[in-house]
Each structure stands twice: as structure tokens, then as C-alpha cells.
Amino acid sequence: MTDEKQDVPGDDISSSLQDMLKKANIQFMFGNPQAAGGAPPPDKKPDDKSDETLRRIREFHLKPKEVRDYLDRFVIKQKEAKKVLSVALCDHYNHVRRCIEDPTLREQDYAKQNVIIMGPTGVGKTYLVRCLARLIGVPFARADATKFSETGYVGYDVEDIVRDLVKMADGNTELARYGIIYIDEIDKIAARSSGTSGTRDVSGRGVQINLLKLMEETEANLQSQTDLMGQVQAIMDMQQGNTRPRTINTRHMLFIVSGAFDGLTDIIRRRIDRTAIGFRHEADRERPELDYLMKARAEDFIQFGFEPEFIGRLPIRVACEGLDEHDLEDILVKSEESILGQYIEDFKGYGIDFKMLPDAIRHIASEASKEKTGARGLMTVLERSLREFKFELPSTCVNHLEVNADTIADTPHALSKIRKENEVAHRALLRDEVTAFKKRFQEEHGFELQFTDEAIDILVNLSLDTDKTIRAICEQKFRDFHHGLKLVASRTGDTVFEINKQTVEDPDKELSTWVVTHFRHPDADKREGQNRE
Ligand SMILES: Nc1ncnc2c1ncn2[C@@H]1O[C@H](COP(=O)(O)OP(=O)(O)OP(=O)(O)O)[C@@H](O)[C@H]1O
Ligand SMILES: [Mg+2]
């Protein structure tokens, strides 16, 4: 009888490919690329989540002002950027909705409103786009332009971002073709002469060319040229007659790119200076950076190092403002997802009710603005200011912490004050920890350690003096006890042992005395003698 397996050509190929891959030390599972760590199969049957997203797109009815209001809940300032993004988003999804309703529209020409967001670091560029994607619930893929390489052999191929989008859409290409692609650090692929080295970055230019094709319209490969698993899966699909789409069209994807664009302001300023020849208004000299960025023209971007065709595909430009200390204060107090809220939750995790008074918030915001890293400075300063509290308080009985500017300015003083105020309760907590150790020891080894009051006091004082937890002290002091007590118990049958002052002061000496004593115990000798008889 013929072996049925051999009659299946796909299986034949799969086993020889399996062998080949095994020799190359590559693990692969046919028929289930996800299990092998590969991309999800494209154009999977839409599941509930994709259906829900498609339904949301079909019912898209938001107005730009509604989108702006949503962004206002999370992002402070950036009025202009919110306006631009709200309009771009609403236009894009209204168009998408129409394309879904009437597929013939898909083939008609449509001028996409790809957006470029400029502005200093940490002011909400990425955050704005993340909030938008969350609002619509559409597939959203994000990448740093610095990851891309021209060929894709060394780094990330620009089409990988499209494949990421398909992954985010759970393999549903119909959904992914209307997704949002966000590329951060776009200024880093400008092919300008890089300051110190003076070399021209040619790979940046190549990446721009590849990206502009995506932004305009291209059939992006769903399978990476360097993805061996994917290639093998494609062969298998062909063998099995599966006809999945091999490419995805990028015409209806919305591209938003952003970057800090350090140095662009100088280029714009020089241009304005040149054109104003001698008549430059005094006010111009004082003009804030944002005003210059708002005046950016294609020629400035080209001088910055972008290809004209590339910058031409990003018709909508907007600049985000820098954040001063009042804005940072607003972020802490008003933004729905502020980092302060995160700290409140962190403390809540230890049963501590945390409150920051307005003067402390002002102090944090003012320190953070000195960092010059936008809202990211808030994280740095909050962490630095609250580090000691976060470290110390979870091990105390403190269940309420209210910090003001003085508390933050002199943390050691504030902590010792808190400690003094809570000393009695803290000692009680440490006594409970001795009981907890006793319980664990009994559960693990079956022996009950009866600590005398005096012994507990010694342990508590030791914990306070050495700043070590009761758990660490007890585990260190009594680390050999279960061995010794087992020996003693083998002689006496005892399972309960008193731990007194002497035992905690020199546990090893006490334990060996117990062992020696019991091994010399006349009753024990007698019992052993009887056993021998
Ligand atoms: N305007 C803002 N309102 C509220 N929170 C903000 C704002 N700007 C930044 N944040 C907070 O700071 C974090 C970092 O901001 P984000 O990632 O948007 O910076 P960015 O402008 O993209 O900076 P970079 O140019 O370095 O990428 C956000 O996750 C958010 O928590
Ligand atoms: Mg960013």
C-alpha cells in the first residue's frame, strides 16, 4: 500500500523545506506562521474586532471640533496641531467611509492630506497621533524613521511599516488599507551635510524616495524579501492553492510624520532675513521659534535635506508649541492621563492615598521646564522628587501621603518626620512581620518558632537600626534552622521551639547547642539504644 503522505506534493515540499531549514538551524511550522513567530496570514477572515472597526469606519460621523474636544481631554495646548489633525482625520475617514460604501470611488483620484508635525521634543507630537488612533480605533502603525534603511537588508525596510499595519489589523488587508501610519523622527532622514563630519547622508535620501512612493500610492508587498518564513509560507500557499493577496495598496492610508527639526528655524529665519533686506522689523528678531516653523516653505525643507518630491507629498504642515512651566502645570492637573495620575495609582497599589498640593505641583512644573525636554521633564522631576517616598513608604504603615513644596525640597527631613509620627504603628507592623515569618517557616518546614516578646523587640530594633526588612533579617538569622531542628526533632519529636533573646542574638551558637545537647540527651541515647535492640 502506498503511503498516503507521499502523494501530497505540498507535504513533500514542506518536509524537504523543513529539512533544509532545520539544517540552517531555523525553526518553522507549516500552516501556522504565527506559532513560528511570523506575521499573521494576510487577509484572514475578519474577526469580531475587525468587524467592529469596519462598522465604526462605516458609521464615521465625527466633526473636526468633536475630534478636537476629544484631544483637549488629554493634550494640553497645541491648538493649531489639534485643528489640523482633526480636519485631516475627519476628511480622511469621511473619504474612507465613502469608498467602503461605493467601491468605484476607490479608483478615483484623491488628494491625500498627509501631515507633517514639527516641534521640539516632548510636546505631544506622538501623543496627539496616539490619541487620534485610539479615538477612531483604526489600525495604527508607528515607526521611527531612523530604523529604516534604504535596502532593508540592515535595518527596517520602509514597507515593513505597511506590514506592521496589516498585523495591527489582525491580517485584515481591507481594514489595513485605510489605516494610519505614523513615522516619527522624520527629520533624521534629511540628507543634509551633517554638522561635524560634513558628509552627505545618501541613505537618508534613499529612504525618502522609498517613503514617498508609499505615501503617494504603491502596491506594497505583504511579504518581506528578507522574511524567509514568509517566503516559505507563500510557496506553501501556492502549493495548496490558497490565493491570498500578495500586495496591499497604500493609496488610502493616511501618513502622519513628525520630527523636532532642529535647525529648520535658522534656515527659515535666514530666508526671511534675506527677503527683508535691511527692513526687518524689530519684532521679527524676537519672534518665537514656533512662528518661524509656521512659516516653513518647501524650499526650507529642501535646504534642510528633504527631496522636493518627498516634502511635496506632505502638504499639511503644522508646528507644535514649546511648553512653559504653566503648561506643564496644566498637564499635571488637567490632562486626563497625566503622569501625576499614574503616581497616584502607583501609591494606591501599596494602599497609600497620595495627594500633591498645588505649591508642590508648581515646583515640579518649574523644575521640569528647566530640563528642556517638554512634558518628559515632568517624569524626570517627579521620579527624582518622589523616589525616596516610593521606596520607603510601601514598607511602612503609612496610608496617606500629602506632599507640598517643602516636602519635595527636603525629602530626608520629611521622611524622618513621617517616620516619627508613625513610630508606634510602624513597630506594630514590624512585629506582624515577625509573625508572618513564623507562619512561613511553619508552613515550609513544619516547625513552630515561638518568639518571646524580648526576641521580637530585638528583631524590630535591628530592622529599624539597619534599615533591613524583618523578612531579610529572619531569613538570614534562621537560615540553617530547619536542618538543625530536624536533627533535634529526630531525637526528641519536638516541633515547637522557643526563640528568645539569646537565640536571636547568636542563632548559630544556640542552634548548635541544641543539637549537641539533644544528641547527648540521656533519654535520646536510651531511646536510640532501645531502637538498636
Ligand atoms: N501637550 C501635552 N499635553 C499632555 N501631555 C503631554 C503633552 N506633550 C507631551 N505630553 C506627555 O509627554 C509624553 C511624551 O510626549 P510625546 O511622545 O508626544 O513627545 P514628542 O513631541 O513626540 O517628542 P519627540 O520629538 O521626542 O518624539 C506623552 O506620552 C505625554 O504623556
Ligand atoms: Mg515623538
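This is a predicted model: local features need pLDDT of at least 70, side-chain atom pairs count only at pLDDT 80 or more; totals for chains, interfaces and linings use all residues.
**Cavity, pocket and ligand site**

Residues are numbered from 1 along each chain as its sequence is written, chains are lettered from A and ligands numbered from 1 in the order in which they are written, and side-chain values use heavy atoms, with hydrogens and water left out.

The structure holds 1 cavity of 30 Å³ or more. On a 1 Å grid over the protein atoms alone, a cavity is a set of points where a 1.4 Å probe fits but cannot get out, whereas a pocket is an open set with protein on both sides within 12 Å along at least five of seven lines; lining residues have an atom within 4 Å of a point. Among the residues that line the largest cavity are Glu392, Arg419, Asn422 and His426. Helix 20 (411-421) and helix 21 (423-445) each supply at least two lining residues, and helix 20 provides the largest share, 3 residues. Helices (H or I, at least four residues) and strands (E, at least two) are DSSP runs, numbered from the N terminus. By class, the cavity lining comprises 4 nonpolar, 3 polar and 3 charged residues; Ala, Val, Leu, Ile, Met, Phe, Trp, Tyr, Cys and Pro count as nonpolar, Asp, Glu, Lys and Arg as charged, and the others, Gly among them, as polar.

Of its 29 lining residues, Gly122, Gly124, Tyr127, Ala375 and Arg376 are the closest to its centre. Helix 5 gives the most to this lining, with 4 residues, and the lining divides into 12 nonpolar, 8 polar and 9 charged residues.

The largest pocket is the space taken by ligand 1 (more than half of its atoms lie within 2 Å of the grid points). Of the 15 residues around ligand 1, Ile76, Thr121, Gly122, Lys125 and Thr126 come nearest (a heavy atom within 4 Å makes a residue near). An oxygen atom of ligand 1 is 2.8 Å from a polar backbone atom of glycine 122, and a ligand nitrogen atom lies 3.0 Å from a backbone N or O atom of glycine 124.

Key. A polar contact is a pair of N or O atoms within 3.5 Å; within protein, one must be able to donate a hydrogen and the other to accept it, and residues adjacent in sequence count only if both atoms are side-chain atoms. Grid points are joined across faces, edges and corners, and a volume is the space filled by probe spheres set on the points.
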